[in-house]
Amino acid sequence: SGRTMGTLNLRALTSWVGIARLLAVLLSCLSFSLVASTGDFAGPYGTWCMFTWCFCFAVTLLVLLLELLELYPLLPLSWDDFTSAFSMLATLMVFTSSVVFPATFISSPCSSSKCAKQAVATTSSCLCFLAYALEVSLTRAKPGDISSFLSTVPGLLKVFEAYVACLIFSLLDMNEYKRESGLMWCVAVYSICFIFTLLIILFTIGRCLTYIPCPLEKVLVGYNMLALLMYLTAMVLWPLYSFRGRGRPNPCNKDCPWNKNLGVTFLTIFNLIAYLVDLVYSTRMVFFRAP
């Protein structure tokens, strides 16, 4: 047993990153426990929020255990890339849930004990978002260090781009975009860029990028340039075709197609900005490297 104690890496819990992860575990657990105790999380939005808190709780707990027992070097993946990508994804997912949950489930005036539990769950979800954001900032690569690609700014942006594309897919209505070839092109742009970005993330974590026969950094710059141009066309075509001659109907609830199309428009702009920043950063990393 002395041998087992000897391999315990207590820094996994006492370092700043470890403390941020412990906080994230406790806060995500508090959020899903409180919401589960109210019994009110039906429908796609409630299910999404519960999934987010449970998923982030489980994966972060697993990361802590693997680091504490020093078992992570046995895994066939790049651990730093995996933890950077996951903390970025968790930050985005918990942020979305912290906005979606109160907007969907908390009704005003808030006086019942159920509503109080929902309010505390929302608060702990917001604090959980801050814990993950802290982890991202603590593990972010220093300028010039590209040993783990997904902890660099372009790497973190890749996770952001893939996540925003997933949000876009959740808002797309097949009957809406099938009537216009312009909208079908936009959906193709979202899908192609999502697939390539996801492949880059998975290949990085799985250490497969070394097998690619061409200079990878230059390929990434070229891909970012192409993705940026494709998103530019989508930013013009999506609002042009989806709002052409159609005012906002009254009433227009959460699931109204007009609102969803507006959501897609904003998310397209977010991703366009992300690909632009990604291009600037990756170009600087490749062509203007400090000697």
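Reader: What are the helix content and the end-to-end C-alpha distance over residues 118-134?

Author: Helices (H or I, at least four residues) and strands (E, at least two) are DSSP runs, numbered from the N terminus. In this predicted model, local features need pLDDT of at least 70 and side-chain atom pairs pLDDT 80 or more, while totals for chains, interfaces and linings use all residues. Residues are numbered from 1 along each chain as its sequence is written, and side-chain values use heavy atoms, without hydrogens and water. Residues 118-134 are 100% helix and 0% strand, with end C-alpha atoms 24 Å apart. For residues 220-241, also 100% helix and 0% strand, the ends lie 31 Å apart.

Reader: Where does UniProt place the feature "transmembrane region"?

Author: UniProt positions are given in the numbering used here, feature names are shortened, and annotations may be inferred rather than shown by experiment. The unreviewed UniProt entry places this feature at several spans, including 118-134 and 220-241. Over residues 149-287 the chain is 76% helix and 0% strand, and the end C-alpha atoms are 16 Å apart.

Reader: How is the protein divided into domains?

Author: Domain bounds come from an automatic or database domain assignment. Here domain 1 spans 1-147 and domain 2 spans 152-290. Their centres, taken over C-alpha atoms, are separated by 25 Å.

Reader: What area is buried between domain 1 and domain 2, and what part of it do carbon and sulfur atoms give?

Author: Buried area is the accessible area (1.4 Å probe) that two parts lose on being put together, summed over both. For domain 1 and domain 2 the value is about 1,500 Å², of which carbon and sulfur atoms give 75%. On the side of domain 1 that touches domain 2, helix H4 (43-68) and helix H5 (79-105) are the elements that give two or more residues. H5 gives the most, with 10 residues. In terms of contact (heavy atoms within 4.5 Å), 20 residues of domain 1 meet 16 residues of domain 2.

Reader: How many salt bridges does the rule find across that interface, and how many in total?

Author: Side chains of opposite charge can pair when their charged atoms come close. A salt bridge requires a side-chain nitrogen of Lys or Arg within 4 Å of a carboxyl oxygen of Asp or Glu. The interface of domain 1 and domain 2 has zero, whereas the overall count is four. One of these pairs is Arg 21 with Glu 67, at 3.1 Å from N to O. Arg 21 lies in helix H3 (residues 16-38) and Glu 67 in helix H4, so this pair ties together parts 46 residues apart in sequence.
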